[in-house]
Amino acid sequence: MSEQPLNPTPAAAPDDAPDTAPTGSTPAGPTPAGPTAADVVAADGASDEAAALRAASFERARRLRQEPRFPGGPAADPAGSHHERRIRSFQPRRSRVTTGQQDALERLWPKWGLDIDGQRVLDLTDLFDGLPVVLEIGFGMGEATAQMAADDPGTGILAVDVHTPGQGNLLGLADKAGSTNVRVANGDAVILLREMLAPESLDGLRVYFPDPWPKARHHKRRLIQPEFLDLVAPVLKPGAIVHCATDWEPYAEQMLEVLTAHPRFENTAADGGYAPRPAFRPLTRFEGQGLDKGHVVHDLLFARV
């Protein structure tokens with residue numbers, strides 16, 4: 001005897017089967033009528049209208065993302081679609097801008113700000129009136145950058161970040177201190193290094209307290225990687241210093257390993273390890289909070305060979 005399936009499939013009704021139930025059976029209910037041609041047309045029209053509304057909403061959101069928050073200020077997406085999409089080492093933040101920061105952006109961005117659009121090579125000699133130039137990637141709210149600029153007016157600082165309130169804050173601090181050796185760049189530092197800087201045009205690079213991306217699956221987003229150093233080396237002058245600092249121990253170990261392994265960089269620390277904090281790097285509020293929590297801050301200083 002053949003085994004029956006647990007849930008047998010009912011046999012299909014023949015093509016000439018009646019639309020009503022056979023005599024003697026109890027119908028389960030009225031047979032629903034199929035959609036008419038008018039129903040199909042109406043449904044298609046509603047679907048098309050909803051799709052059009054969604055497309056219009058998407059386009060409005062896209063335009064808003066690309067429009068600057070302040071007339072003449074930093075662009076929302078300076079590189080636009082000119083460059084490929086890839087894993088970013090940063091998270092753009094559009095938090096609240098204070099009145100003072102807005103004023104600084106509106107007054108000073110046309111003079112001291114620039115967008116990283118990837119469409120030109122910067123003339124740093126002209127931009128900084130002949131000063132040697134150090135690139136700083138990620139300056140937060142700009143307090144440390146403003147202090148270093150004031151303490152060393154003979155060095156130009158090209159400071160890169162994507163945080164609008166920080167950009168305004170740094171411009172305001174530099175203006176208040178009378179510092180004219182700061183330029184604020186808005187956008188992706190990788191595009192700046194790859195597309196907008198001439199060979200051997202920089203006298204140094206500073207990367208202070210970059211996002212550590214602590215989760216293992218996010219380590220690929222960390223900035224200090226061999227590929228990043230491949231971009232950095234050609235735009236640095238021989239002897240230029242790459243100065244990194246972090247309070248995240250595993251990231252410090254990765255930085256040391258990656259920089260040590262790269263053939264274009266040499267550790268300035270005699271023992272091949274971490275360096276003491278140089279006097280020119282201010283103790284920031286963020287760093288102080290980390291120290292209060294028991295974090296150990298590591299500085300790394302490598303020279304381009």
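User: How do helix 6 and helix 7 cross?
Analyst: This is a predicted model. In it, the axes of helix 6 (residues 189-196) and helix 7 (residues 226-235) come within 9 Å. They cross at roughly 45 degrees. Helix 6 and helix 7 are therefore oblique to each other.

User: Left-handed or right-handed?
Analyst: The crossing of helix 6 and helix 7 is left-handed.

User: Which residues meet there?
Analyst: From helix 6, V190, L193 and R194. They meet F228, L231, V232 and V235 in helix 7. By class, this contact of helix 6 with helix 7 has 6 nonpolar residues, no polar ones and 1 charged.

User: Next pair. What about the axes of helix 4 and helix 5?
Analyst: Helix 4 covers residues 143-151 and helix 5 covers residues 164-177. Their axes come within 9 Å and cross at roughly 30 degrees. Angles under 35 degrees count as roughly parallel, so helix 4 and helix 5 are roughly parallel to each other.

User: And the handedness of helix 4 and helix 5, left or right?
Analyst: Their crossing is right-handed.

User: Which residues make that contact?
Analyst: E143, T145 and A146 in helix 4 meet N169, L170, L173 and A174 in helix 5. The contact residues divide into 4 nonpolar, 2 polar and 1 charged.

User: Switching topic. Where is R281?
Analyst: R281 is in the loop between strand 7 (265-267) and helix 9 (285-292).

User: Is R281 buried or exposed?
Analyst: Buried. The relative accessible area of R281 is 1%, and buried means under 20%.

User: What does R281 touch?
Analyst: Leaving out residues up to four places away in sequence, R281 touches M148, Y208, F209, H243, A245, E287, V297 and D299.

Note on methods: Residues numbered from 1 in each chain as written. Predicted model: local features only at pLDDT ≥ 70, side-chain atom pairs only at ≥ 80, totals over all residues. Heavy atoms only, no water. Axes fitted to C-alpha atoms, helices over the stretch in contact; angles between N-to-C directions. Helix = DSSP H or I, 4+ residues; strand = E, 2+ residues; numbered from the N terminus. Parallel < 35°, antiparallel > 145°, perpendicular 65-115°, else oblique. Left-handed = near helix turned anticlockwise from the far one by under 90°. Contact = heavy atoms within 4.5 Å. Nonpolar A, V, L, I, M, F, W, Y, C, P; charged D, E, K, R; others polar. Buried < 20%, exposed > 50% of the residue type's maximum accessible area, 1.4 Å probe, protein only.
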